[in-house]
Each structure stands twice: as C-alpha cells, then as structure tokens.
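Keep the viewer open while you read.

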Amino acid sequence: MTPLTLYLAAPRGFCAGVDRAIKIVEMALEKWGAPVYVRHEIVHNKFVVDDLRAKGAVFVEELDECPVDRPVIFSAHGVPKAVPAEAARREMVYVDATCPLVSKVHMEATRHHERGLQIVMIGHQGHPETIGTMGQLPQGEVVLVETVADVATLEVRDPERLAYVTQTTLSVDDTSDVVAALQARFPAIVGPHKEDICYATTNRQEAVKAIAPKSDALLVVGAPNSSNSRRLVEVASRAGCNYAQLVQRASDIDWRALDGIKSVGITAGASAPEVLINEVIDAFRSRYDVAVEMVETAQENVEFKVPRVLREPA
Ligand code: 0CJ
Ligand code: F3S
C-alpha cells in the first residue's frame, strides 16, 4: 500500500456547547420519556439528529408544530425572544439548549440596546443563530452585515450610537476585516469586551491553519448546513491547501480526486461526532499505509452544565 501521512487536527469536533445540547435532549428523554420535541436540528449534524430521533426525539422547525402537552427543546443556535415567550404563553414545558456563549451575545446585544445603541450584527443571513440574536430586540434595532462591502452601504440611525455583535462561528480573519471596516466608517462603534467568536471556532480554525500548508488534501467532517464546518474548509483553502472538502462521512470521500496525494489533513466541525472522524480515518487505513500525526495547537477544558430542571428528579 502507498504510504500516507495523516495530519489530525486538535482541537476538532464536538465543543462544550454541542456536548451540552445533545446531553439536554438525552436527559429530557430520560426524564419525561418519548416523545420530546426539538425545535430545529439540535446541532447541525444528520448523524446526531438521526441518533436522537431513534431515541424518541421529534424534530420540528417551528413551535406551532409541537403539541402543548410535550416538552420542547430549543437548539444550540439560540432562538428569538418570541419563541420562549410563546412557549410560556402556551404553558409548555421547554428547555433552552442555546449554547451559553450564544446567550452571552444575546445579553450583550440587550445591554447595548438598553443604553440606547443600535446594534450591527456581523453574521450570515438566514442562519438560525443570526435569527435568534437579532430576535432578542425589536425589529430595526439590529441591522445585519455579512461582508466588508455591506459596511459601505449600511444605513444606521445615528453613526455616533452604535455597537456590534457577531455570530459565534464566523471566520476569525474575515470578521476582523469587517470589524475594521465598521471602525473605519463608524469610529464611535462599541465592540464586545472579548470577541463573540467562540473559543471552539477560534481553536478549530487555528488547528486547520497549522496543518493545511503541509496537507495535499484536507477533509473537514461536518454537515453542509454547519456554518463553523464550512468556515474550516475556507480557512484550509486560504492557508494554502489545494484540495479542501467538506465530507459528512467516509462514503462522501472522492477517492479519485485524492489520487497521488502523500498527505491529508483531517478535522471536524463542532457538531461532528468523533465516530464519523474515526470512520474517515479507517477508510484511509483500508486504502493506504497510514501514519497518523496529531497536530495540537490548543487544549480545551470547557464544560457547560445542563439546566437545573434536568438535574432535579422528575
Ligand atoms: O451556533 C452554534 C452555537 C454552533 C453550534 C454547533 O455547530 P453547528 O454546526 O450545529 O452550527 P453552526 O451552523 O452555527 O456552525
Ligand atoms: Fe457554543 Fe461555540 Fe460550540 S458558540 S455551541 S461553543 S461552536
């Protein structure tokens, strides 16, 4: 078999917010029995969703698809304020699996609003996290920009009274360009104390930057609707890897495109389970004489508690 060096990025895969969100669904099923409803994919991964569905979770897109007499869980990406308000009005049992680092951004936006500032959100239009964060405040109080070009045409209420927040899973480099453009056009704009892009996003992008230049190809295990996973593919391409691809699992690998490679980098988005990463590694082992080299650029020890309602007996 042909020799192949496999650079395994670390950190990769599940972050603390994803771990917590999945645990919330599992614990809710244990506590209340099936079915437990989940509004939106709990995290953007089909394998995770299918596994929870088999255990009794029912995935819906909107609250009005849920019966009032069953518990409902809100996904890790966060929800507009109107969603828990409506669940409360319907007297439903609900558990919010919004990542605490997304909730932090929600609180930040609310605080700026209370001080009379209009908020510019840097994020992707239509993404549930963006919808959730913008939905913390009344319409018009948060305006969205996606790119540096958007900043040039942005219309605001008062250029002197602005703050910005961001989605947690953006490209660190692209975002710093957008922030620079905002600061150039609106010098008084207020930013977060610490970045809104989360530790997991930042660390996974850094690890990709370390392996991409020496990898003939780089595979990111993750789903097409997973924003942070797609950013890892872009980061790999920009860091000098000629062939960077998103794969959901081993069967997605285009072996013909990999013909002649001597090294491959592997990482995974924050919502991709380690079993799928192992599946991909095993697929390489069955075709090549593989030497695995782990490239660790940071260590993570973040853990988030599940909400108290799930820690109490039924
Ligand atoms: O939005 C989040 C809090 C990240 C959740 C984990 O990743 P994923 O793939 O479900 O979501 P993104 O599309 O936001 O990356
Ligand atoms: Fe939270 Fe970041 Fe993961 S915002 S869900 S820790 S990708």
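In which loop is His40 found? Look in the loop between strand 2 and helix 2; helices (H or I, at least four residues) and strands (E, at least two) are DSSP runs, numbered from the N terminus. A quick word on the ground rules: this is a predicted model, where local features need pLDDT of at least 70, side-chain atom pairs count only at pLDDT 80 or more, and totals for chains, interfaces and linings use all residues. Residues are numbered from 1 along each chain as its sequence is written, chains are lettered from A and ligands numbered from 1 in the order in which they are written, and side-chain values use heavy atoms, with hydrogens and water left out.

Most residues other than glycine have a negative phi, and most peptide bonds are trans.

| Residue | Relative accessible area | Class |
|---|---|---|
| His40 | 13% | buried |
| Pro35 | 29% | partly exposed |
| Glu91 | 69% | exposed |

Pro35 sits in the loop between helix 1 (16–32) and strand 2. Asp51 is 16 residues away from Pro35 along the chain, and their C-alpha atoms are separated by 14 Å. There is another cis bond from Ala10 to Pro11, with omega near 0°. Pro11 belongs to the loop between strand 1 (3–10) and helix 1.

**Around strand 2**

Strand 2 (residues 36–39) sends Val36 and Val38 one way and Tyr37 and Arg39 the other, and all are buried. Strands pair if DSSP finds at least two bridges between them. Strand 2 pairs with strand 3 (residues 57–60) in the parallel sense over 4 bridges, and Arg39 has Val60 as its bridge partner there. Strand 4 (residues 72–74) also runs parallel to strand 2, joined by 3 bridges, with Val72 opposite Tyr37.

Strand 2, helix 2 (residues 46–54) and strand 3 form a right-handed β-α-β unit: with the strands pointing away from the viewer, the path from the first strand over the helix to the second runs clockwise.

**Strand 8**

Why is strand 8 (residues 162–166) largely enclosed by the rest of the structure? Because 5 of its 5 residues are buried. Leu162, Tyr164 and Thr166 cover one side, while Ala163 and Val165 are on the other. Strand 6 (residues 118–122) runs parallel to strand 8 and is joined to it by 5 bridges, one pair of opposite residues being Ile119 and Ala163.

Conventions:
Buried < 20%, exposed > 50% of the residue type's maximum accessible area, 1.4 Å probe, protein only.
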